[in-house]
Amino acid sequence: MIRKFSSILGKSRDADTAAAERHSLPRPLAQTYVVGDIHGRADLLERALDRIDAHVGQTKAENPHVVFVGDYIDHGPDSARVLSRVWELTKELPDNVTCLMGNHERMMLDFLDDPIIRGPRWLRSGARPTLESFSLHTSQLEPGCLPELFRAEAEGLKAHLNPGLLTWIRDLPLSWSSGNLWVVHAGADPQHPMSTQSARVLLWGHPEFDSRPRPDDTWVIHGHTPANDPVVAEGRICVDTGAWETGVLCTAAVSPDGAVEFLYA
């Protein structure tokens, strides 16, 4: 379900002014592109890369960096292709491309490590298209099915996953930063420094993240919570536009001078 942010955007002008005074502009050290949750939409990923490439050419950005916020899998039809593509990008351009882990990658890893306990939750969260993208049959797989079926699916997925790709997924970082800009998957605890955030908060969010401004000038770009349009509010930028459902993948282009532009695929 697409979430609306009217409660945030509808705050009083005094509150907005105070927040603006607390937060400077987002200023990464180099041109930065942050791509929202892809969720198995390989077609939109390729269009997003084309948009980024065109924008780099137009702006003549030097040494740009592309950051993916995670959630490459589930819901959409091409999770296997998306994983292979972003992995390929990090190998080809290790100094210019960073892929973060999302909560859906975490759920997949948990499933592989403990399929009987973790399987039902991942299945309810959109795992079926991911398994099918790896040529696995899921017709008998249901949250309450026999444990042996979950175990068999996990073994099948391990057999179809490139071992190098699986290692890469396990090692995905939870955050990336440049200047006063941080990129995470889901959110952060506004009362703690970014360097001390827990893995659970970065992957699943924090109840005060979108309601309590940070006391520093840190800007956080994130995905995880779909909105009708990208959101810029009180030091936060949300780039999750529910791509798998809406057909729109958003990328935030952030310049060292603080300018923020949204590219749509």
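Two residues are in contact here when they have heavy atoms within 4.5 Å of each other. Keep that in mind as you work through this predicted model.

**Exercise 1. Work out whether helix α5 is covered, and find which helices its buried residues pack against.**

Step 1: Locate the helix. α5 takes in residues 103-113.

Step 2: Look at how many of its residues are hidden. A residue is buried when its relative accessible area is under 20%. In α5, 9 of the 11 residues pass that test, so by the cut-off of under 20% the helix is mostly covered.

Step 3: The buried set is Asn103, His104, Glu105, Met107, Met108, Leu109, Asp110, Phe111 and Leu112.

Step 4: Find their partners. These buried residues pack against α6 (115-124), α7 (127-133), α8 (147-160), α9 (163-170) and α10 (199-204).

**Exercise 2. Describe the surroundings of strand β9: its two faces and the strands it pairs with.**

Step 1: Look for the pairing partners. Strand β1 (residues 32-35) pairs with β9 in the antiparallel sense, over 4 bridges. Strand β10 (residues 260-264) is antiparallel to β9 too, joined to it by 5 bridges.

Step 2: Zoom in on Val254. Thr32 stands opposite Val254 of β9, and Val254 also stands opposite Val260 in β10.

Step 3: Follow the chain through the hairpin. There are 5 residues between β9 and β10, and in this hairpin Gly258 takes a positive phi near 95°.

**Exercise 3. Now try the hairpin of β4 and β5: which residues form the covered face of β4, and which glycine has a positive phi?**

Step 1: Sort the residues of β4 (175-178). Trp176 and Ser178 make up the covered face, while Ser175 and Ser177 lie on the uncovered one.

Step 2: Check the pairing. β4 runs antiparallel to β5 (residues 181-184), with 4 bridges. Ser177, for instance, has Trp182 as its bridge partner in β5.

Step 3: Inspect the turn. With 2 residues between the strands, this hairpin has Gly179 at a positive phi near 60°.

**Exercise 4. Find out where Gly40 sits and what it touches, then do the like for Ser133.**

Step 1: Start with Gly40, in the loop between β1 and α3. Its relative accessibility is 0%, so Gly40 counts as buried.

Step 2: List its contacts. Leaving out residues up to four places away in sequence, Gly40 touches Tyr72, Ile73, Asp74, Gly76, Pro77, Asp78, Ser79 and Val82.

Step 3: Compare sequence with space. Gly40 and Leu83 are 43 residues apart along the chain, and their C-alpha atoms are separated by 8.4 Å.

Step 4: Move on to Ser133, in helix α7. Beyond its neighbours within four places, Ser133 is in contact with Pro77, Ser79 and Ala80. Ser133 and Val82 are 51 residues apart in sequence and 10 Å apart in space, C-alpha to C-alpha.

**Exercise 5. Decide why the radius of gyration of the whole chain agrees with that of a compact globule.**

Step 1: Count the elements. The chain has 11 helices and 10 strands.

Step 2: Set the values side by side. For 265 residues, a compact globule would have a radius of gyration near 18 Å; the chain has 19 Å, so the two agree.

Step 3: Buried residues make up 53% of the 265 residues. Among contacts between residues at least 6 apart in sequence, 68% join residues at least 24 apart.

Terms used:
Residues are numbered from 1 along each chain as its sequence is written. This is a predicted model: local features need pLDDT of at least 70, side-chain atom pairs count only at pLDDT 80 or more; totals for chains, interfaces and linings use all residues. Side-chain values use heavy atoms; hydrogens and water are left out. Buried means under 20% relative accessible area, exposed over 50%, partly exposed in between (1.4 Å probe, protein chains only). Two strands pair if DSSP finds at least two bridges between them. The radius of gyration is taken over C-alpha atoms; the globule rule is 2.2 Å times the number of residues to the power 0.38.
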